[in-house]
Amino acid sequence: MKQKYQYGFHDAITPLYRAKKGLSEAVVRKISEIKQEPQWMRDIRLRSLAIFNKKPMPVWGADLSKIDFSAITYFARASDAPAHSWEKVPKKIKAAFERLGVPEAERKFFAGVGAQYDSEAIYHHIRKDIEAQGVIFTDTDTALREHPDLFKRYFGTVVPAGDNKFSALNAACWSGGSFIYIPKGVKVAMPLQAYFRINEKNMGQFERTLIIADEDSEVHYIEGCTAPVYATDSLHAAVVEIIAKPRARVRYTTIQNWSSNVYNLVTKRARAEDNALVEWVDGNLGSKITMKYPAVFLVGKGARADILSVSLAGKGQHQDAGAKVVHLAPETSSSIIAKSVSFGGGRTSYRGLAQVIKGARNARIKVRCDALVLDTRSRSDTYPTIKAEENDAMIEHEATVSNISERELFYLKSRGFSETEASSLVVSGFFEPLAKTLPLDYAIELNRLIQMEMENSIKPA
Amino acid sequence: MSLVIKNITVEAGGKIVVKNFSLTIKKGEIHALMGPNGSGKTSLCSALLGHPSYRITKGNIVFNGKSILGLRTEERARLGIFLSFQEPPEIRGIPLSSFLRTIAKTHTKEKAYDTMRALTGNAKKIGLGPHFLDRSVNEGFSGGEKKKSEMLQFFAAHPKVALLDEIDAGVDVDSLDAMARILKKAASEGTGMLIISHSARIFKRCIPDFVHIIENGVRTASGGKALIKKVEKEGYRKKA
């Protein structure tokens with residue numbers, strides 16, 4: 001039996017406000033006005049818009065030529081303000097999230113949960129005991145109002161607007177996202193979770209996430225994303241900035257399961273100071289095209305980066321994913337593991353940068369890319385870039401491409417598994433390193449998603 | 001239960017690998033199949049399970065009164081036909097324990113829980129400790145360990161008929177004793193078997209009801225267990 005993309009439903013919710021389609025100075029001013037922002041933020045937006053207009057479309061990666069910027073809605077408001085208790089979330093939106101299992105998840109194993117619907121957060125909640133330790137976990141709009149000093153000090157410092165065309169677009173139109181501050185020495189044992197949902201047609205979602213982990217602190221942040229299935233495309237261009245102060249540990253996990261009509265063009269970057277550890281766990285299952293290369297700038301002595309990028313590309317999908325590490329200080333080390341599966345005509349690319357800047361003595365970098373290509377219609381490419389300005393840098397790069405051999409397939413079939421079951425079994429095994437990093441419920445969900453994706457794309461021979 | 005191989009001819013890679021071969025395996029019967037290297041034993045097994053590279057150009061395979069020629073490999077497996085591989089592949093990332101559990105669920109349904117409990121005991125008896133069950137299926141296993149993994153899969157699948165292709169190869173004596181006991185018990189509970197081996201070792205522990213010799217894809221002799229002794233003494237060429 002064929003299963004459809006489970007989160008493809010659309011809710012009949014009329015936004016309180018919806019900007020006119022297309023991007024203009026007027027739209028950007030309107031977003032800023034509705035949010036009653038200070039002048040400096042409005043100026044940043046307008047400057048960023050100018051940068052966006054000036055920058056050409058990137059042509060070095062996936063095919064973005066079909067994006068029609070004039071057909072997109074850049075801002076839609078679903079509720080007046082984020083609710084802090086689930087009861088206060090508008091009924092219809094609540095029903096939508098309940099179908100996605102969001103509040104249920106919170107009760108089980110999260111220290112805090114946020115949920116964003118189109119442009120803005122509709123819910124944010126943090127456990128009292130965590131808040132009492134000085135932890136801030138709120139949506140980014142609220143943070144701008146309530147924590148202007150912290151905000152101004154760090155916003156745009158890791159990913160400047162001019163970094164790339166889509167970071168400029170985000171800086172011009174940003175709305176929502178999570179803002180996290182972990183005070184010195186505070187270790188948050190349970191993960192903080194955010195859920196992003198696009199509901200409007202042709203919607204652009206530009207959330208902005210900023211995480212500041214102060215000295216000796218620890219936090220794990222998990223985000224999930226879904227959208228309805230429409231015949232026309234939506235755009236998700238988020239920016240995530242992480243600042244890991246000396247000896248802080250931050251893990252950022254994404255399970256992206258956008259519907260197959262979403263362009264997912266996200267800039268994620270972290271700054272790791274002395275002996276800090278930043279881990280990106282990046283799972284890309286959905287979307288039409290994803291371009292995403294979580295990065296860590298190792299600016300402090302002894303800083304470490306650990307990046308696991310996993311992608312699954314089926315029919316009509318191109319996952320152009322990878323990672324970047326830039327070693328700017330001595331004794332820094334990084335590990336990149338990229339695993340991708342392409343099937344049913346899908347395409348995966350690994351694109352990575354491993355760079356050692358002059359002065360970053362004794363840097364160690366380990367890169368491993370494993371691609372699994374399930375059929376001859378599918379494709380996988382690797383584009384690694386290595387630049388080392390210090391002779392003592394130890395850089396390892398390993399890449400493998402494999403497929404499911406006829407032998408393996410026959411073996412599994414002889415145990416009673418169908419072609420689809422056999423393939424998803426092998427794919428789940430291939431993704432095991434990702435599943436291992438996830439809370440149990442997420443890991444089970446991941447396996448279910450893999451099976452669903454495979455069922456949608458693999459036809460029995 | 002009966003598996004009737006009716007005069008089949010099998011082609012692979014443009015060559016005839018099995019020719020006019022017939023054999024009937026009934027409930028609880030233990031058949032031994034012996035023959036020199038390259039005589040078609042493994043090809044026969046692959047063809048019985050519907051391997052796409054082994055084409056049956058003549059004859060029929062009938063399971064419980066129905067031809068299974070039109071069935072896919074997994075459909076034949078779900079009917080209760082099991083094949084233990086001479087050279088099992090490694091399946092990365094899937095712990096053997098969860099693989100066995102999935103097999104047990106597929107084949108023994110609501111009895112899966114009991115199957116798995118008994119299986120853990122059997123694993124110990126054949127010399128596969130709990131740490132093996134945590135490892136990926138066959139990954140980094142020695143030859144003998146792979147055979148033990150096949151043995152556990154046989155047990156988890158609880159088949160009606162099992163084709164066991166050199167299940168004894170590379171297995172130490174103590175483990176072989178335990179494996180033979182599991183096979184005998186399964187036969188007494190109704191599983192029909194075709195045990196393929198080069199050595200008489202296993203047949204001393206698990207005495208076959210029938211012995212068949214295959215050479216160049218053709219069945220050249222059949223008889224009782226005495227045939228094994230004869231082959232051991234005189235080789236294949238002088239048996240008949």
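These questions and answers ask how some terms apply to this predicted model.

Local features here need pLDDT of at least 70 and side-chain atom pairs pLDDT 80 or more, while totals for chains, interfaces and linings use all residues. Residues are numbered from 1 along each chain as its sequence is written, with chains lettered from A and ligands numbered from 1 in the order in which they are written.

Q: What makes residues of chain A and chain B count as in contact?
A: Their C-beta atoms, placed from the backbone, must lie within 7 Å. By that rule, 17 residues of chain A are in contact with 20 residues of chain B.

Q: Which helices of chain A each supply at least two residues of the side that touches chain B?
A: They are H9 (406-413) and H10 (419-430) of chain A. Helices are DSSP runs of H or I, at least four residues, and strands are runs of E, at least two; both are numbered from the N terminus.

Q: Where do the bounds of the domains of chain A come from?
A: An automatic or database domain assignment sets them. For chain A it gives domain 1 (17-292) and domain 2 (407-461). Their centres, taken over C-alpha atoms, are 30 Å apart.

Q: Why do strand E3 and strand E10 of chain B count as paired?
A: Pairing needs at least two bridges found by DSSP. E3 (residues 30-34) and E10 (residues 192-196) of chain B are joined by 4 bridges, so they pair. The two strands run parallel. His31(B) stands opposite Leu194(B) in E10(B).

Conventions. Contact = placed C-beta atoms within 7 Å.
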